[in-house]
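I opened a new notebook page for this structure. These are my entries, in the order I looked things up.

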Amino acid sequence: MILETARLILRGWKDEDASSLFKYASDKRVGPAAGWIPHKDENYSRAVIRVVFSGPEVYAICLKGREEEPIGSISLTLEGSPERPLGDNEAELGYWVAAPFWNRGIATEAAKEMIRHGFEDLNLSGIYCAYFQGNDRSKKVQEKCGFKYHHTNESRKVLMLKETRVEHMNLLTSGDWENIKKSHFFQD
């Protein structure tokens, strides 16, 4: 599936994207803020594409006219785990955008489209989204998308980084989304 916004194409990841993924995911400003290690080489990036980015509802974020170069990733995780339980018809939104593209509203634009997709196409009842304390960029994106505070996990284990962090979890329900959609909140 391909999703489209005014400036973006959200499409599936391909092996050929490994060089672009490495280019942006090797930046130390990106991964650690989201809880993952910077990519060490293109082979690692290719493995991430094949294993992590191969699931359903995982999309490469591309600028229109430059669809061959992903500048980030966005996904809806539809199945919970013991560490991150999800109820029926719930998902968790995750995203990152390459540092050269920060402060352009790209993450917010992509997130709003994924939220629309989640509620309209996938009939979700709620979408969770988390950020680690100190990741003010992610917090701001979630606020712009209408997420509301749900709870704080004071000791979230970040396995890839071998750390424990404070994590804030937010929630957007389908009812809240219907209300903000009516207010033209999601208009371009």
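This is a predicted model: local features need pLDDT of at least 70, side-chain atom pairs count only at pLDDT 80 or more; totals for chains, interfaces and linings use all residues.

**Entry 1**

I began with Ser20, which is found in helix H1. Is Ser20 buried or exposed? Its relative accessibility is 9%, so Ser20 counts as buried. I then listed what Ser20 touches, not counting residues up to four places away in sequence: Glu68, Glu69 and Pro70.

Glu68 was the next stop. I found Glu68 in the loop between strand E3 (58-63) and strand E4 (72-77). Glu68 has a relative accessible area of 55%, and the cut-off for exposed is over 50%. Glu68 is therefore exposed. Leaving out residues up to four places away in sequence, Glu68 touches Arg11, Asp17 and Ser20. I also checked Glu68 against Ile2. The two are 66 residues apart in sequence, and their C-alpha atoms are 14 Å apart in space.

**Entry 1: helices H1 and H3**

I stayed with H1 and turned to its packing. Two packed helices are described by the angle between their axes and the distance between the axes. I looked up both values for H1 (residues 18-25) and H3. The axes come within 8 Å and cross at roughly 110°. How are H1 and H3 oriented to each other? Angles of 65 to 115 degrees count as roughly perpendicular, so H1 and H3 are roughly perpendicular to each other.

Which residues meet there? From H1 I noted Ala18, Ser19, Leu21 and Phe22. From H3 I noted Glu42, Ser45, Arg46, Val48 and Ile49. By class, this contact of H1 with H3 has 5 nonpolar, 2 polar and 2 charged residues.

**Entry 2: aromatic rings**

How many aromatic pairs does the structure hold? I read off 4 aromatic pairs. One that I looked up is Trp36 with Trp96: the ring centres are 5.6 Å apart and the planes stand at 65°, so this pair is edge-to-face. I found both Trp36 and Trp96 buried.

I then looked for charges over rings. The charged end of Arg29 sits over the ring of Trp102, 5.8 Å from the ring centre. Arg165 lies over the face of Phe132, and there I noted 4.8 Å to the ring centre.

**Entry 3: positive phi**

Glu57 has a phi of about 65°. Its place is in the loop between H3 and E3. Glu57 has 15% relative accessibility, so Glu57 counts as buried.

For Asn103, phi is near 65°. I found Asn103 in the loop between E5 and helix H4 (106-121). Is Asn103 buried or exposed? Its relative accessible area is 71%, so Asn103 is exposed.

Asn89 is found in the loop between E4 and E5. Asn89 and Gly126 are 37 residues apart in sequence, and 7.0 Å separate their C-alpha atoms.

Gly12 has its place in the loop between strand E2 (8-11) and H1. Gly12 counts as partly exposed, with 34% relative accessibility. Not counting residues up to four places away in sequence, Gly12 touches Met1, Asp17, Val58 and Ala60. From Gly12 to Ile61 I noted 49 residues in sequence and 9.0 Å in space, C-alpha to C-alpha.

Ser26 lies in the loop between H1 and H2. Ser26 has 24% relative accessibility and counts as partly exposed. With residues up to four places away in sequence left out, Ser26 touches Leu21, Pro38 and His39.

Definitions and conventions:
Residues are numbered from 1 along each chain as its sequence is written. Side-chain values use heavy atoms; hydrogens and water are left out. Rings of Phe, Tyr and Trp (its six-membered ring) pair if their centres lie within 6.5 Å; planes under 30 degrees apart count as stacked, over 60 as edge-to-face and the rest as tilted. Buried means under 20% relative accessible area, exposed over 50%, partly exposed in between (1.4 Å probe, protein chains only). A charge sits over a ring if NZ of Lys or CZ of Arg is within 6 Å of the ring centre and within 35 degrees of the ring normal. Axes are lines fitted to C-alpha atoms, for helices over the stretch in contact, and angles run from 0 to 180 degrees between N-to-C directions. Helices (H or I, at least four residues) and strands (E, at least two) are DSSP runs, numbered from the N terminus. Angles under 35 degrees count as roughly parallel, over 145 as roughly antiparallel, 65 to 115 as roughly perpendicular and the rest as oblique. Contact means heavy atoms within 4.5 Å. Ala, Val, Leu, Ile, Met, Phe, Trp, Tyr, Cys and Pro count as nonpolar, Asp, Glu, Lys and Arg as charged, and the others, Gly among them, as polar.
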